[in-house]
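Reader: I have a model open on my screen and I'd like to learn how to read it. Could you take me through it one feature at a time?

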Amino acid sequence: MVYQFKNIESKWRDYWKSHSTYKESEDSTKEKFYVLDMFPYPSGAGLHVGHPLGYIASDIFARYKKLNGFNVLHPMGYDSFGLPAEQYAIQTGQHPAVTTKINVERYRTQLDKLGFSFDWDREVRTSDSTYYKWTQWIFKKLYQSYYCLDKNKAKPINDLISIFEKQGNELVNACCDDDVFIFSALQWKAFSESEKQKMLLKYRLAFLSQTWVNWCPELGTVLANDEVKDGRSERGNYPVEQKRMRQWSLRITAYADRLLHDLDNLEWTDSIKEIQKNWIGKSVGASLHFSLEKNQETIEVFTTRPDTIFGVSFMVIAPEHSLVTKLTTQENQQLVSQYCKQASLKSERDRQSDVKNVSGVFTGSYAIHPFTNKKIPVWIADYVLASYGTGAVMAVPCGDQRDWDFANKFGLEIVNIFKDVDISEKANDDKSSIINNSDFLDDLSVKDALKRAIEEIETRGIGKKKINYRLRDAIFSRQRYWGEPFPIYYKDDIPYLLEEGKYVDLPPVDKYLPTEQGEPPLARAKKEDWNVFEGDRMEYNTMPGWAGSSWYFLRYMDANNPNELVSKEKSDYWGQVDLYIGGAEHAVGHLLYSRFWTKFLYDIDCISFQEPFKKMINQGMILGRSSFVYRINDTNTFVSFEKRKEHKTSRIHVDISLVDNDILDIEGFKNWRSDFKDADFILNDNNQYCCGFEVEKMSKSKYNVQTPDDLVETFGADTLRMYEMFLGPLEQFKPWDTKGINGVHNFLRKFWRLVHDEQNNFCVSEQDPDKKEWKVMHQTIKKITDDIDRYSFNTVVSALMICVNELAELKCNKSAIISDFAILLSPYAPHLSEEIWQLLGNKESITQAQWPVFNEQYLVEDNFTYPVSFNGKMRFTLELPTNLDKAQIEKTVLELDQTIKYLDGKEPKRIIVVPKKIVNIVC
C-alpha cells in the first residue's frame, strides 16, 4: 500500500499540460469568477516556501469555484522589470533580459511542480515588448488627457485646446499646476508653439515638472519612498538625498476624492482601507498668506486649524522652500546651508517619522502676523516638507505637539489661546476646547471658530477655504535602463508623443550605467539602435516598476490580442477581480496606482468598471527560523550558545542547511566560507556546538530560506500545499517549521491505504453507504464548504483529517463516499485526488466534477436519549424515536417500571416534556 506520490504527481502534471486542463475562455452561459495573485518579480533566488502561500490559497479557491460551476479565470505572469536584474547587468555585462529569462524559467519549473491551476496561455511578462507597448499606450492616453472637475472625469486634451482657442482658461474648472495664470483666447493664439506646449503640460494627466525626488547617486536613479529606509536605498544600502529634478509625473491627485470615496464599495480589511485613506489624507482648512518684513514676497500656508491663528508665534518652512535663500540673512547663511544639506540626505518618510529629534535653524527674517501685525520669526526645519501643502507651516505651539517641542527646544514664545487649559507640560489637542485670547474668536467652540476664522480670512482677502490632500502626484521617471521606455521624443526641449501606432523598444546600450554627463543609461544608445527615433532625441528615462503592475490584471483577460490592450467584450465579461490575494506590503503604492489607472481607463471608455479588485486578502508572511553562531570579537573562534555570555561576541547568521536541531555541522561550516576554514570552536558540555535561533523574515541574506523544491522531492506537492494551509489562518504571520509536515503526509498516505489492499491494488466497495457513513461525509461537506466560503483554509485540513479517521474506523471504502471525498480533497491535493478519481472509473479530470451538495437529512438522528428527572434530579436515561410527540413521550415514560419505582405510589403533579431535550416529573 505504498503512496508513490512522485509518480502520481509527475503523471498528472503531464496530463494537465497535454490536455490544457486549465485553459479558460469566455462562456456567457456560466457565471464568471476571477481569482488573481499578485504576480511575482522573478528573482535569481527562486521561490522559497513563503512565496507559494498566497498562490496555494488562491488555487484552492479557484478550484473550489470551478467545481461549483463557475467559469474561473486564474492566470499568472511576472512583474519582470526590476532593479536587481539591472544591478546584475552592471556587475557582469549580461543583458537584464537574459537574466530575467533564466529566472522566469526557474520560477515556472517551481510553480509547475506545485500543481497550480494557472491558465499559462495567458501568461504576461511586463518586460516583454508586446506587453509594455500597451503600458506606453496608457501613458499616451494620460498625456492626451486632462481632468475636468465639472464632469469629474478625464477628458481629451483636444477638448481643452478648443476651449482655450474660444475663450481662454478663465472659466476652465480643471486640475492643473498651482502656477497657472489666466489668459484669453487672443493671448492663447498669440502664444508660441513652445508656450502652448508648456501651458498644456500644466493640465495634462502625464506631465513634466521640476520635482523633489529621492536621488541615489550610487544607483544613478530616483527611488520611490518605499525603496528608501533610514535615508539609504533599500537595495545596496546607499545614501539617498533630496534633489530637485525634471521628472515625468502622473496627476493622481485629480482622482483623490474618487479614490477616497470608492473605498466604501470594496471588500477589503479595515486596516488596508485606513492605510489608503491616510495616504490620500484629505483635510479641509484654509490657505492664507503671511507678508514678510523687508520683503515683497509672502509665505503661503495651508492649515486645518485656522481657528488657532492667534496662537501663531513663529513660522517654519521646509529646507527646500523656494524662499530659503531670500529669507536667510548674511549672518545665518553658513548655518542654514549646513542644515539644508543635512536635511537633503534624509528621505521624506524619515523626516516625517522622526519625532524624537527636534532640529531647526533660524533664517534671521520675520513674517508679519496677518491679524495682530506682530513680527514672528521664520525658521527652517526638516519636519516640514516642500512637497506637501505649501512647504510652510504657521506654528501654533499651544495646540500642536511638534510645534510645542520645537518652541521649547529653541526658546520660542508659546501663546495660550485655550480657555482654562494648562499647556505648561504639553500642547492641547482637545477639539472640545473654547478659544481664548483670540479677538473676534473669543469664547467660541473650535467648530464655530473654524467657520468664523475662514470667513474673516476670506473677507480680508488674505486667504480662502481649501481642501488639501496628503497624496502627491506620482513621480513616473526612473534613471534606469531596465524599465518601460517612454513613447516620447523632444524638439527644442519640448516633449512630443509618438504618433498613434508607434511604440518604443528598449535599445541596446554598451553599458547599463549613467553617462559621464550624468544622463540615464538610454542616452548611451546610438540613433540607429532605436526602433523609432524622432526629433532631436528620444526620452532617456524609463517608467517606474509599478507602471506595468498597475494594469496587468486587464491584460490577462485578452493576453494575446495584438490590436487592443483588452477587448471591451472580454473586459465586460471578466470585469473586476473577484478575489485578489497578496502581501500587505503593497497596501499603498500598487493598490493606489492600480485603482488610479482603472478609474482613468474607465473614464476613457476602455473598460466598464471603476475598481480593479472587489475583494482582497492579504496573506501573512511565513517566517524563517534563523540560526546563529557566536564569534569572539577580534578572533576566528566561535563559542557555543550556552557559553556565549562568558565572552564578548558578535552574532552571525549561519546557513540553516548546516544546522540540525540547533547543532552545527562544524566541518560543513568550515567548508561553507573560506574565512571560516581555520575557525576554532568552544563546545558545550556535550562536546557539540549549539547554535542560537530567532524567528524572523525569511531572506537569502539571513541564510534561513527553505525552498519548496526539497520538500516536494521528499513529501510531494500535495503534502506541501496542505501543510502550508495547515500552519494557521492565511492572514497571520507564521513561523516555518517542518516538524509537522510528517503528520500531513501521513494523512494522505492513510487515505491511500483506505482505498488500497495489501498488494497496493485499488479496492473500493460498490455497496450503498449506510447512515453512519453518509453522516460522516455530509458533516464534512458542510464543514469544508462553510470554511472555504469564509476563507478559513487551515481548518479545512483538520476537517479532511477527521473525516478520513472516521471513515477508517468505520472501515468505509464505499465508492460513493470515496468519490465525494476525492472532490472535497481536490482543491488541496489535486494530484492524489485526480489519481483516485481516475481509479474510480471517471474518464474526465476531477476539475470537471461537481462539488458535493450538503444534505441535512443525513445529520438528522432517528433516536434521542432523554435524561428523565424527578423533581429536577436525573434518575435514568431513555432512548426514544425522535418522531414521537409530547403525549407519546409522556405515555411511554409513565409506563416504565423505573418510573413507577421512583414515583413510589405518588401521582405526578406535573410532567414537563421538551422534545429532544428533557423529561422532568414533578411529584
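Author: Asp-400 caps the N-terminal end of α14, with a side-chain oxygen 3.0 Å from the backbone nitrogen of Arg-402. A polar contact here is a pair of N or O atoms within 3.5 Å; within protein, one must be able to donate a hydrogen and the other to accept it, and residues adjacent in sequence count only if both atoms are side-chain atoms. Before going on: this is a predicted model, in which local features need pLDDT of at least 70 and side-chain atom pairs count only at pLDDT 80 or more, while totals for chains, interfaces and linings use all residues. Residues are numbered from 1 along each chain as its sequence is written, and side-chain values use heavy atoms, with hydrogens and water left out.

Reader: Which residues of α14 are buried?

Author: Buried means under 20% relative accessible area, exposed means over 50%, and partly exposed is in between (1.4 Å probe, protein chains only). Helices (H or I, at least four residues) and strands (E, at least two) are DSSP runs, numbered from the N terminus. In α14, residues 401–410, the buried ones are Asp-403, Trp-404, Phe-406 and Ala-407. Looking down the axis of α14, these buried residues fall within an arc of 165°, so they line one face of the helix. That arc is taken from the directions from the helix axis to the C-beta atoms.

Reader: What covers those buried residues of α14?

Author: The cover includes β12 (314–317), β14 (375–380) and β15 (392–395), where contact means heavy atoms within 4.5 Å. After α14 comes Gly-411, with a positive phi near 65°.

Reader: Where else do I meet a positive phi?

Author: Most residues other than glycine have a negative phi. Ser-20 is not a glycine, yet its phi is positive, about 45°. Ser-20 sits in the loop between α1 (5–18) and β1 (32–37), and is partly exposed at 41% relative accessible area. Asn-871 is another non-glycine with a positive phi, near 55°. You'll find Asn-871 in the loop between β31 and β32 (873–881), partly exposed at 47% relative accessibility.

Reader: And what about Ser-869: buried or exposed?

Author: Ser-869 counts as buried, at 11% relative accessibility. Ser-869 belongs to strand β31, residues 863–870. Beyond its neighbours within four places in sequence, Ser-869 is in contact with Met-874, Arg-875, Val-919, Asn-920 and Ile-921. For contrast, look at Ser-353 in helix α13 (residues 348–353), which counts as exposed at 52%.

Reader: How do I read strand pairing?

Author: Strands of a sheet pair through backbone hydrogen bonds, either parallel or antiparallel. Two strands count as paired if DSSP finds at least two bridges between them. Strands β3 and β4 (residues 153–156) pair in the antiparallel sense over four bridges, and Tyr-146 has Lys-155 in β4 as its bridge partner. Four residues lie between the strands of this hairpin, and Asn-152 takes a positive phi near 55°. Both faces of β3 (residues 145–148) are covered: Ser-145 and Tyr-147 are buried on one side, Tyr-146 and Cys-148 on the other.

Reader: What is the strand order in the open sheet of three strands?

Author: The order is β19-β18-β20, with antiparallel pairing. The edge strands are β19 (494–497) and β20 (537–538), each pairing on one side only. β18 (residues 488–491) and β20 pair over two bridges, with Arg-537 in β20 as the bridge partner of Tyr-490.

Reader: Last one: how do pockets and cavities work?

Author: On a 1 Å grid over the protein atoms alone, a cavity is a set of points where a 1.4 Å probe fits but cannot get out, and a pocket is an open set with protein on both sides within 12 Å along at least five of seven lines; lining residues have an atom within 4 Å of a point. Grid points are joined across faces, edges and corners, and a volume is the space filled by probe spheres set on the points. The second largest pocket has a volume of about 980 Å³. Its lining has 29 residues, with Phe-302, Thr-304, Tyr-388, Val-393 and Asp-400 nearest its centre. The largest cavity has a volume of about 130 Å³.
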